[in-house]
Amino acid sequence: MTSVSIKKLYLSFGEVEVLKDLELEIEKGEFLVLLGSSGCGKSTLLNCIAGLLDITDGQILINGRNVTWEQPKDRGIGMVFQSYALYPQMTVEGNLAFGLKNARVPKDEIDRRIARAAAILHIEPLLKRKPAQLSGGQRQRVAIGRALVRDVDVFLFDEPLSNLDAKLRAELRVEIKRLHQQLANTTMIYVTHDQIEAMTLADRIAIMRSGAIQQLADPHTIYNKPVNKYVAGFIGSPGINFMDGELKLNGSPAFRAGETRIGLERYAFSGNGPRQGPVTFGIRPEHVFMDRAAAEQPFRAEVGVEVVEPMGADTLVWSRLDGHELRFRVDGQVPVRKGERVQIGFDPARASIFDAETEMRL
Amino acid sequence: MASIVTLNTVGVADRASEDLVGPRGARPARAFSRRNIFLYGTLFVVALYYLLPLYVMVVTSLKGMPEIRVGNIFSPPLEITFEPWVKAWATACTGLNCDGLSRGFWNSVRITIPSVVLSIAIASVNGYALANWRFKGANVFFTILIIGAFIPYQVMLYPIVIILREIGLYGSLTGLVLVHSVFGMPILTLLFRNYFSSVPEELFKAARVDGAGFWGIYFKIMLPMSLPIFVVALILQVTGIWNDFLFGVVYTRPETYPMTVQLNNIVNSVQGVKEYNVNMAATLLTGLVPLIVYFASGKLFVRGIAAGAVKG
């Protein structure tokens, strides 16, 4: 069943079109992440769903009900903000009760819901405190609680972890995931620019760029079969390696860049290709192997090590293949030194090939 | 806890035992450096410059007329008398009536309190609406309001006389209250708008999701977190309206003159001897209210001025 559906959504601020002809269907109980760099319109889209921004054209349906003209409070949503947005002069309890009091929920019902939310989020000892007396992680928990007590079907998260330090972010990320598993049938829409959050939390990720959705798919597909060059470059850290060259189709298909020839017999072409002509070849650093592991790979080459970046668990090696920068990841225990020549290899089936002009996947 | 203390002492002892040659630790500060002498000297001179007139006023107001005629204006009173104060308050003559400043004081109170309350109430709602509810034409409205602050009062004096006469409020305290409230509007609205703009927008959005409306957000969210700016507005308005002379003299009648106008009439009366001690006492009495306001709310005033730094 569809929980949130967005139809032909347009939003402009004066002359500037922020969202264009946006279509999105979100299933009940789904965890959808809107991912994109800043200014791509992801937070704007969330504000439109919440009803905090008036849209220019289109419709928004929540649980099959057209809420396009409804106030935020009547849409059946709860929202969590990046800056927590707790009411500073109220206690935690007051913060949680504020929305319910406005909705004239009876006193005992308010108490019951606060107790339940506090138990889920482990904030019972904090109920009498003011937000200023809480740490960042505790504040964000209270902010989630404020959405929780509203007893709604749709949760909207607007970069909720961006103000926290790395360790807390990882902790709260898992907690949000647990919360989603605990609350069956609760749809969550989560805006972030952090791809780790997106990959770990999402059932599906929508990658946005300048007001349009580039790709909407599960994290596995987004990572392995990016639909265009932008998505391929955006997902993955360190970023994917790109090589410009030609796609040759006489005989078996192959990619050529200068002296290098990469056979593509095992590559699964998408609906767009194969097409002879200039293309960009992309291979992720974690799919390139070195030394003994390289020997088993269909494509092999010898490269010189230019820069070595040890990161503990693994080491990032910068080298050059036929003039193109090639980064690859090796186990952190393997000794690699600058200036060495090493054998590398990868499986072209794991690569992504994009048309040089349209930048779409072939 | 105990172990940490021991650790620290051990650390200090270790450091002390090492022999370091040359300067170490914090640089010693000299109490009588040239910089300090210059700084405190300047502050002292400036303070003296501002306090001297006040001193002369207080001293003179406590002297009798014979002592004043001797002419030593800086010398303390030989014989302290509070008679000038009593006279200034209760019996000094202004024009036709001789009941001192007391009548003007109560007039001023009756002018100031409603004007301050009314102007702050309206301006804070204005500022809140302009900052948080971006309605169509908000910027035009705001610009017009700000331009109002730049029109010289003199230009508007006579038109307002006519307006007040037409609505039947000319000469009454209500009319003057209205004028003060209107003229306080541009600067107060600017003040509140800027303050409310600095409140995080997400707080406002959260309140909307929680179902609070225009007044709900104003009274339950914005008002409780804006005490400093209300104090600033209060001080601005109380001192401004209390000290006003121009509107007071133009829009009221002798029986409703505010304290400042009465003070002027006492000090500038041409008949009889100039009673310097009574004049000084009257002036001090008139200035007492703004002074008390500053003393009572000084700390909050500074907090309000630095209100940009207040975070939720």
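Select A:Pro238 to begin: this residue lies in the loop between helix 8 and strand 11 (241-248) of chain A, where helices (H or I, at least four residues) and strands (E, at least two) are DSSP runs numbered from the N terminus. The peptide bond that leads from A:Ser237 into A:Pro238 is cis, with omega near 0°. The model is predicted, so local features need pLDDT of at least 70 and side-chain atom pairs count only at pLDDT 80 or more, while totals for chains, interfaces and linings use all residues. Residues are numbered from 1 along each chain as its sequence is written, and chains are lettered from A and ligands numbered from 1 in the order in which they are written.

**The two domains of chain A**

Next, colour chain A by domain: domain 1 covers 2-233 and domain 2 covers 236-355, with bounds that come from an automatic or database domain assignment. Over C-alpha atoms, the centres of these two domains of chain A are 38 Å apart. Seven residues of domain 1 of chain A and eight residues of domain 2 of chain A form the contact; two residues are in contact if their C-beta atoms, placed from the backbone, lie within 7 Å. On the side of domain 1 of chain A that touches domain 2 of chain A, helix 8 (residues 229-234) of chain A supplies the largest share, three residues. By class, that side of domain 1 has three nonpolar, three polar and one charged residues. Here Ala, Val, Leu, Ile, Met, Phe, Trp, Tyr, Cys and Pro count as nonpolar, Asp, Glu, Lys and Arg as charged, and the others, Gly among them, as polar.

**Two positive phi values**

Most residues other than glycine have a negative phi, and most peptide bonds are trans. Select A:Ala85, in the loop between strand 6 and helix 2 of chain A; its phi is positive, near 55°. Is A:Ala85 buried or exposed? A:Ala85 counts as buried because it has 26 C-beta neighbours inside 10 Å. The cut-offs are 20 or more other C-beta atoms within 10 Å for buried, 12 or fewer for exposed, and partly exposed in between, with C-beta atoms placed from the backbone.

Move to A:Asp291, in the loop between strand 15 (288-290) and helix 9 (292-295) of chain A. A:Asp291 also has a positive phi, of about 55°, and with 13 other C-beta atoms within 10 Å it is partly exposed.

**A sheet in chain A**

Now display the open sheet of four strands in chain A, with order 2-1-4-5 and antiparallel pairing. Strands of a sheet pair through backbone hydrogen bonds, either parallel or antiparallel. Strand 1 (residues 2-13) and strand 2 of chain A pair in the antiparallel sense over eight bridges; two strands pair if DSSP finds at least two bridges between them. Within this region, A:Leu11 has A:Leu19 of strand 2 as its bridge partner.

**Nonpolar cores**

A nonpolar core is a set of buried Ala, Val, Leu, Ile, Met, Phe, Trp, Tyr and Cys residues joined through C-beta atoms within 7 Å. The largest has 137 residues, and those touching the most other members include A:Val33, A:Leu34 and A:Ile49. Helix 8 (residues 173-198) of chain B gives the most to this core, ten residues. A second, separate core of eleven residues includes B:Ala88, B:Ala92, B:Leu263 and B:Ala282. Centre the view on A:Leu34: beyond its neighbours within four places in sequence, its contacts include A:Lys42, A:Leu45, A:Ile189 and A:Met208.

**From chain A to chain B**

Show the interface, where 16 residues of chain A are in contact with 15 residues of chain B. On the chain A side, strand 6 (77-80) and helix 2 (92-102) each supply at least two residues, and helix 2 of chain A gives the largest share, three residues. That side divides into eleven nonpolar, four polar and one charged residues.

The contact between them takes eight residues from domain 1 of chain B and seven residues from domain 2 of chain B. Of the 312 residues of chain B, 29% count as buried.
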